[in-house]
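These are my notebook entries on a structure that I went through element by element. I set down what I looked up and what I found.

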Protein chains: 2
Amino acid sequence: MTGESRVRVFPGVGLLLMAVSLAAHSASGSRYDVNSDRPGHQPEKYYWRPGPPIKNNDGTWTFQPRTSIGEPMPDMPTRMERMIRKVQFRLVKALEAQETGGKKFQLHRTNRTKGSGESVMYVLQSGDVFEKAGVGVSVARHTLPPKIAQQMRARGKDVDEGSPFISVGISCIIHPRNPMVPAIHFNYRYFEVKGRNGSTQWWFGGGTDLTPYYLDEGDALAFHSTLKKICDKYEKGSYEKFKRNCDSYFTIAHRNETRGIGGIFFDDLTTPDQKLAFAFVKSCAKAVVPLYLPLVRKHKYYKWNSTERKWQLIRRGRYIEFNLIYDRGTKYGLQSTVTIIENVFMAAPPKAIWEYKYEPQAGSREADLMEVLRHPRDWA
Amino acid sequence: MTGESRVRVFPGVGLLLMAVSLAAHSASGSRYDVNSDRPGHQPEKYYWRPGPPIKNNDGTWTFQPRTSIGEPMPDMPTRMERMIRKVQFRLVKALEAQETGGKKFQLHRTNRTKGSGESVMYVLQSGDVFEKAGVGVSVARHTLPPKIAQQMRARGKDVDEGSPFISVGISCIIHPRNPMVPAIHFNYRYFEVKGRNGSTQWWFGGGTDLTPYYLDEGDALAFHSTLKKICDKYEKGSYEKFKRNCDSYFTIAHRNETRGIGGIFFDDLTTPDQKLAFAFVKSCAKAVVPLYLPLVRKHKYYKWNSTERKWQLIRRGRYIEFNLIYDRGTKYGLQSTVTIIENVFMAAPPKAIWEYKYEPQAGSREADLMEVLRHPRDWA
């Protein structure tokens, strides 16, 4: 059975396929094929499996078609999208399985203006275990707005206002209800832009970081050790660099503390080549379920009292302070012209409080956490 | 009994007096006397009354000394501080009188580094009527940090990094518990800075604005009419200008809506002269109690349900979005070197929620409010 015949069976697929295959940018008219620049490039034979089915809100499933065997290797935006869709699918299933009350994710799919990509956002709200969790895959094809082009030039990119780009990324934030379960955030993205002289520039960015409200040293150690193993396979010394990046990026400067206990964080990743950089990003993204689910399983039945809940809500206030004042992703979202604003605020905590001059008692578990947030540790 | 003898009786006064009278800036060594630049200026006889007593947390009172009759008119920073202290005192008493459970304001007094001013902050938290209310008077004497000097130059001020300044202001935000009672915010400030060529530049700024969660058209009309009357006395047409300013300033651009239903907002106010500009600011500040207290009395016993509470908390989420992303006061606070960070976040709502893609039902009272926030009205 070919891809085409499946499209007829499941009409929803047509739309999805269109968005995915519309790699041709409307402004430039050229197909985004990262291989086209390589001299002597021959289409690679690649037997790839279909992406995961997408569960619709009415309980039906949308299947993605199987590509015919022997079709050339898809371009990097397509490969990245396939990969993060799978990660999204597995994470959504894994989180739903943890919900004790049977709460399910809701799918919010948004097509941007014709041909400029789409957003596939799964959101679970008011669960027993997860107070708010969102896992979104976003594909955007557009031209750079002035401010973003300027920021990219400041980072050394040869781009201009109006340069056509494609960005493909996954972004996720999980706010558990139980203060003993840490919150987690990750995002991985691929960015490709046609520069001034027509050359294609691309890079990967992203990271995974943990935000506990109560510190479990064993958890922190395990979390960072796993990340270190993944980084070591990619490049010796990269974990140390990415951990430092992470601590420095997630600093709430006006409070002189970090948002959480860190993880890894990188941007403008192009080394050693596209294939290996992609392999690294893939292993990071695939590691989220085995990194996080054990922490949920371990802590989700722990009892908590109103003091602990209050502390969690205060820390969530700091979370939103960071996101709105410092986060580049949020700033990008607010400046971009193809933003779906609700998706920018998907990361906002479900509930937060601010109390004037709240200070944890000396020697308390809350103070223990603050110690680590004020003096980030090398965990692995 | 002279001021001095009182200082002996109440030792707390000494500190306060010192801070107030330390108008001499440590860097410049010159006394801040706005009159000193006026040719032929004669000290004016002015019989002024003492400032209001300050209630300490232990239940005792700190009295401010009476100035001897016949003493010269104090300089504008001192007059401004006296005036806003009185406004602060009256508002604190008026709000406490509304509390049904007897909750009281707590005083948080902070002396900045020696000679650089102080902050007198009254905060009431977890009241029955007011979930969080803060009224702060702040006096700061320092030199301009680079970023702030730059912003002021962009606004046409002849200042430099390191120019000595004094700022005296009152700032207040009240977050009531009952969603039927609107939140209110106001701040009034006087700013004086020694320019590059040694000349003194000064201006007033501030405003009062209302943030209801449910629209009461009669309230809105009364609120704006009173402000219009005050403005009309000052300058014909100024209300219209300040109301437009207010709507445009309190716009949450990424949501395409305003934070509340507006009020007045102005900055760089120097006309027609210092005395009349001060008189205007004084009448605005003194109007807060008669503007707001009737709304509290009218609505505080209204019943509310969980839907209305949720709507209030969602709107409070928008409140913090505005404050952290757009508010100049917050930005100034985060950039300033003499900031007390907890005071910057005093304005943060006590509790806020974010729900993905929450939309009020068409025709509901929530939708009615949104209509006004999306299309600001001329109320008076």
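**Entry 1. Cysteines of chain B.** I take a residue as buried when its relative accessible area is under 20%. On that cut-off B:C231 is buried, since its relative accessibility is 0%. I record here that the model is a predicted one.

I then asked how many disulfides there are over all chains. The count comes to zero. A disulfide is a covalent bond between the sulfur atoms of two cysteines, and I count a pair of sulfur atoms within 2.5 Å. For B:C231 the closest cysteine sulfur belongs to B:C284, at 5.7 Å, which is too far for a bond. For B:C172 the closest cysteine sulfur is also in B:C284, at 15 Å, again too far for a bond. B:C172 is buried as well, with a relative accessible area of 0%.

**Entry 2. Helices α5 and α7 of chain B.** I followed B:C231 and B:C284 into the helix contact that holds them. From α5(B), B:I230, B:C231 and B:Y234 take part; from α7(B), the partners are B:L276, B:A277, B:F280, B:S283 and B:C284. I noted the composition as seven nonpolar residues, one polar and no charged.

For the geometry, I read that helix α5 (residues 217-234) and helix α7 (residues 274-286) of chain B have axes that come within 10 Å and cross at roughly 170°. An angle over 145 degrees counts as roughly antiparallel, so α5(B) is roughly antiparallel to α7(B).

**Entry 3. Helices α3 and α7 of chain A.** I next looked up a helix pair in chain A. Helix α3 (residues 76-98) and helix α7 (residues 274-286) of chain A pack at an angle of about 10°, with axes 10 Å apart. The two helices are therefore roughly parallel to each other. On the α3(A) side I list A:M76, A:R79, A:M80, A:M83, A:V87 and A:R90; on the α7(A) side, A:Q274, A:F278, A:V281, A:K282, A:A285 and A:K286. By class, this contact has seven nonpolar residues, one polar and four charged.

I also checked A:K275, which lies in helix α7 of chain A. Is A:K275 buried or exposed? With 57% relative accessibility, A:K275 counts as exposed. The C-alpha atoms of A:K275 and A:M76 are 9.0 Å apart, although 199 residues separate the two in sequence.

**Entry 4. Chain A as a whole.** I noted 12 helices and 12 strands for chain A. Chain A has 380 residues, of which 55% count as buried. Taking contacts in chain A between residues at least 6 apart in sequence, I find that 70% join residues at least 24 apart.

**Entry 5. Two buried polar contacts.** I looked up A:E321, placed in helix α9 (residues 306-325) of chain A. A:E321 is buried, at 0% relative accessible area. Its side chain makes a polar contact of 2.7 Å with the side chain of A:H254. Leaving out residues up to four places away in sequence, A:E321 touches residues of chain A, including A:I252, A:R255, A:Y326 and A:W354, and also B:L324 and B:F345 of chain B.

In chain B I looked up B:T208, found in strand β8 (residues 200-211). B:T208 is buried, with 0% relative accessibility. The side chains of B:T208 and B:Y188 are joined by a polar contact of 2.7 Å. Beyond four places in sequence, the contacts of B:T208 include B:I184, B:F186, B:F223, B:L227, B:I264, B:V288 and B:L291.

**Entry 6. Backbone exceptions.** Most residues other than glycine have a negative phi, and most peptide bonds are trans. I therefore searched for departures from both.

The peptide bond from A:T271 to A:P272 is cis, with omega near -10°. A:P272 sits in the loop between β11 (262-269) and α7 of chain A. In chain B, the bond from B:T271 to B:P272 is cis, with omega near -10°, and B:P272 is in the loop between β11 (262-269) and α7 of chain B.

For phi, B:D268 has a positive value, near 55°. B:D268 is in strand β11 of chain B and is partly exposed, at 27% relative accessibility. B:K357 has a positive phi near 55°. B:K357 lies in the loop between β12 (351-353) and α12 (365-374) of chain B and is partly exposed, at 34%.

Terms used
Residues numbered from 1 in each chain as written. Chains lettered and ligands numbered in written order. Predicted model: local features only at pLDDT ≥ 70, side-chain atom pairs only at ≥ 80, totals over all residues. Heavy atoms only, no water. Axes fitted to C-alpha atoms, helices over the stretch in contact; angles between N-to-C directions. Helix = DSSP H or I, 4+ residues; strand = E, 2+ residues; numbered from the N terminus. Parallel < 35°, antiparallel > 145°, perpendicular 65-115°, else oblique. Contact = heavy atoms within 4.5 Å. Nonpolar A, V, L, I, M, F, W, Y, C, P; charged D, E, K, R; others polar. Buried < 20%, exposed > 50% of the residue type's maximum accessible area, 1.4 Å probe, protein only. Polar contact = N/O pair within 3.5 Å; in protein donor to acceptor, adjacent residues only side chain to side chain.
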